[in-house]
Amino acid sequence: MEAGGLEWLLVPVQQLVSWGAAGAMVFGGVVPYIPQYRDIRRTQNAEGFSTYVCLVLLVANILRILFWFGRRFESPLLWQSIIMIITMLLMLKLCTEVRVSNELNIKRRSFADFDLNYFWHWSKFTDYVQCVLTFTGVTGYITYLWLDSSLFVETLGFLAVFTEAMLGVPQLYRNYQNRSTEGMSVKMVLMWTSGDTFKTIYFIFNQAPFQFSICGLLQVFVDIAILLQVYLYSYYPQKPVSHTAHPVSTKAL
């Protein structure tokens, strides 16, 4: 009787925990960008944030959605990708507006110029949207043609999660260039680390495709490296490395 009563209690508790974990997976990935977004909006300065982070996450999550068509995985991971794409577009919109309002150079650059020297350094948010739509269309068409190939599908899945694992690399390199983490939200990186740790454990326990677990671990290592930069540059300040300034690269793009 007691065992039956205990089982009656445990079933809904387990269900709630499962729903909570799924909700954390869907929305937890975007939480780290809330303090960064608020900082940029408050200060009207995006110099400390690299928009290449947005590029990495957009590419990774578009590829992950395409991977889903070839190998179905848990729906919370699919919804996580959709929410993340929307979030990164909002971050790009804010950063572009702030940068253009502070930009002294009146020369405008657009996606239609096809100038690789200014790739991802455009003057309007619509240019970034055009780029994302073009990438989605091309990769979507290729995926449609090769969807029956298990090798292609597995490679696509690996590229998706490996690209996401490289998320922190643009920020890591930007901090190294500046010899400082000023302007970067430490809260964001702490949330990256805790979120990536939770996500990796979630992958392992829910037996997600092996690509997810391996690249999740790599992501945690990159997060830790950025936190080490925060410590080193705070307690051992260094002069920025002198390098030839790109007309736009001195801004946070």
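**Exercise 1. Determine the handedness with which α3 passes α5, then describe the packing.**

Step 1. The crossing of α3 past α5 is right-handed. Helices here are DSSP runs (H or I, at least four residues), numbered from the N terminus.

Step 2. Take the angle. The axes of α3 and α5 (residues 125-146) come within 10 Å and cross at roughly 30°. Axes are lines fitted to C-alpha atoms over the stretch in contact, and angles run from 0 to 180 degrees between N-to-C directions.

Step 3. Name the arrangement. Because angles under 35 degrees count as roughly parallel, α3 is roughly parallel to α5.

Step 4. List the contact (heavy atoms within 4.5 Å). From α3 come Leu58, Val59, Ile62, Leu63 and Leu66. From α5 come Val132, Phe135, Thr136, Thr139, Gly140 and Thr143.

Step 5. Sort by class. The contact of α3 with α5 has seven nonpolar, four polar and no charged residues. Asp, Glu, Lys and Arg count as charged; Ala, Val, Leu, Ile, Met, Phe, Trp, Tyr, Cys and Pro as nonpolar; the others, Gly among them, as polar.

The model is predicted: local features need pLDDT of at least 70 and side-chain atom pairs pLDDT 80 or more, while totals for chains, interfaces and linings use all residues. Residues are numbered from 1 along each chain as its sequence is written, and side-chain values use heavy atoms, without hydrogens or water.

**Exercise 2. Describe the second largest pocket and its lining.**

Step 1. Get the volume: about 270 Å³. A pocket is an open set of points on a 1 Å grid, with protein on both sides within 12 Å along at least five of seven lines. Volume is the space filled by probe spheres set on the points.

Step 2. Find the lining (residues with an atom within 4 Å of a point). There are 21 residues, and Gly28, Gly29, Pro32, Gly195 and Asp196 lie nearest the centre.

Step 3. Assign elements. α1 (2-28), α3 (52-70), α4 (75-102) and α8 (186-205) each give two or more residues. α8 gives the most, with seven.

Step 4. Sort by class: eleven nonpolar, seven polar and three charged.

**Exercise 3. Characterise the second largest cavity.**

Step 1. Count cavities (sets of points where a 1.4 Å probe fits but cannot get out). Two reach 30 Å³ or more.

Step 2. The second largest cavity holds about 50 Å³. Its lining includes Arg64, Glu164, Lys199 and Phe212.

Step 3. α9 (210-235) gives the most to this lining, with four residues.

Note on methods. Angles under 35 degrees count as roughly parallel, over 145 as roughly antiparallel, 65 to 115 as roughly perpendicular and the rest as oblique. A crossing is left-handed if the near helix is turned anticlockwise from the far one by less than a right angle, and right-handed if clockwise.
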